[in-house]
Amino acid sequence: MYTRKIEPCPEGFVKAGKPVFGTFSGVPERLDIRGVRNPYSSFHFLPPLVTNLRIKSRLSYFFSIGNYVGCIEFFDAKVFSFEELTFWEKSTKRRFVYRAIMGPRKRFIPHSLRSGFVKNNSARRYSRISWDKEHRKFSFIFRMAGSKTVPASNAAFISRMESEDVISLSACNPSPTSRRCTARFMQVMPIHGALSTREADGQEKLMDDSEGLCFFDMARYYMKFHSAGEYLTGLGEVDGQNVSFRLDVSSQEAVDSYSYNANVLFVGGRATPLPPVRITHNHGLMKTWNIQDTEGMVDLLFTPASDNYKLISTLILKTEYHTIYGSFEGMLLTADGRKITFKSLDGIAKKYRIRL
């Protein structure tokens, strides 16, 4: 069976100019990869002040609670920042999408994992994700004004950090060239909260306080000028246990992806590193996806239900991406050999191409 060693968190992900590669348990103090020596070897004369500008950050929060499933993502490219909140009503498959572009700032997504927040605050769009390790607090709040095509919405989700179902994992992996790296922090948490929507005619729909699950993900990477990939996030309850997983295939992955990847299954208070997978959708994005590995630990089908497609093209940026809501069916294997099987588990797939 595939195994990948999980080590205690290091004091930093870069030491003496070199990345510290591996998979780590617990919550690191900081998610910071600045200071890698000559990450772009063909431009070895560039100082760290310049090469650090190529580090991009992404923060994601996926949630499934009550009758809603969705995600919010913040992308920090230094010259600009981008936010998108997308969620669906499970019973009707109705999609709600809110976007915002923010201008340059020193740092939009913080380095500290001990305490911090990321926030967008405008007259029509307010969203805030905050965490405080010492006081065991983690929250996500949003208030979105409506328009002709989408109703107003607001929500507040609070995580119970003392729960045994709170699981964390970090990874620092080489890019296709080992001079560069990608660092990620992932945490699964139970959530409690409510969500409401209000149509333009004043009609309101309120979801009572409910229990759910969220998947929090923060990543930093020395970005290539052209990047592409797809990743899948599943979360929900199986046989009375919270289950969540992340499977990723991208142009940023290591050549030796068996030793270094960020694929993981969270279940029963434990994290199981998963092997690299192959994701295929030969009949189109909105037809069934097949996700399998070569070790017999991953055998899934993903059935799309709704696609949120977006193309952004400017002088300095071109990005094309799909955010697809659907359901998973299949089997995952834990490190101790236990099969986790399900026929309908909420999931979101992301497929993207970025030129920056």
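Which side chains meet in a salt bridge at 2.6 Å, N to O? They are those of Arg94 and Glu199, a salt bridge being a side-chain nitrogen of Lys or Arg within 4 Å of a carboxyl oxygen of Asp or Glu. The model is predicted, so to speak of local features a pLDDT of at least 70 is needed, side-chain atom pairs count only at pLDDT 80 or more, and totals for chains, interfaces and linings use all residues. Residues are numbered from 1 along each chain as its sequence is written, and side-chain values use heavy atoms, with hydrogens and water left out.

Arg94 is partly exposed at 32% relative accessibility, and Glu199 is partly exposed at 24%. On this scale buried means under 20% relative accessible area, exposed means over 50%, and partly exposed lies in between (1.4 Å probe, protein chains only).

The count comes to 16 salt bridges. One of them joins Glu73 and Arg58 at 3.9 Å, N to O. Glu73 lies in strand 6 (residues 68-76) and Arg58 in strand 5, so this pair ties together parts that are 15 residues apart in sequence. Both Glu73 and Arg58 are buried. Asp217 and Arg246 also meet in a salt bridge, at 2.8 Å, N to O. With Asp217 in strand 15 and Arg246 in strand 17 (residues 241-250), the pair ties together parts 29 residues apart in sequence. Asp217 has 0% relative accessibility and counts as buried, and Arg246 is likewise buried at 0%. Through shared partners, salt bridges join Arg58, Glu73, Arg184, Asp217, Arg246, Asp248 and Lys350 into one network.

The Glu83 side chain does make a polar contact with the side chain of Ser127, at 2.3 Å. A polar contact is a pair of N or O atoms within 3.5 Å; within protein, one must be able to donate a hydrogen and the other to accept it, and residues adjacent in sequence count only if both atoms are side-chain atoms.

Aromatic rings come next. Rings of Phe, Tyr and Trp (its six-membered ring) pair if their centres lie within 6.5 Å; planes under 30 degrees apart count as stacked, over 60 as edge-to-face and the rest as tilted. By this rule the count comes to 28 aromatic pairs. The rings of Phe63 and Phe140 have centres 6.3 Å apart and planes at 50°, so the pair is tilted. Both of these residues, Phe63 and Phe140, are buried. Trp131 and Phe138, by contrast, form a stacked pair, 6.1 Å centre to centre with 20° between the planes. Trp131 is buried at 6% relative accessible area, and Phe138 is buried at 3%.

Note on methods
Helices (H or I, at least four residues) and strands (E, at least two) are DSSP runs, numbered from the N terminus.
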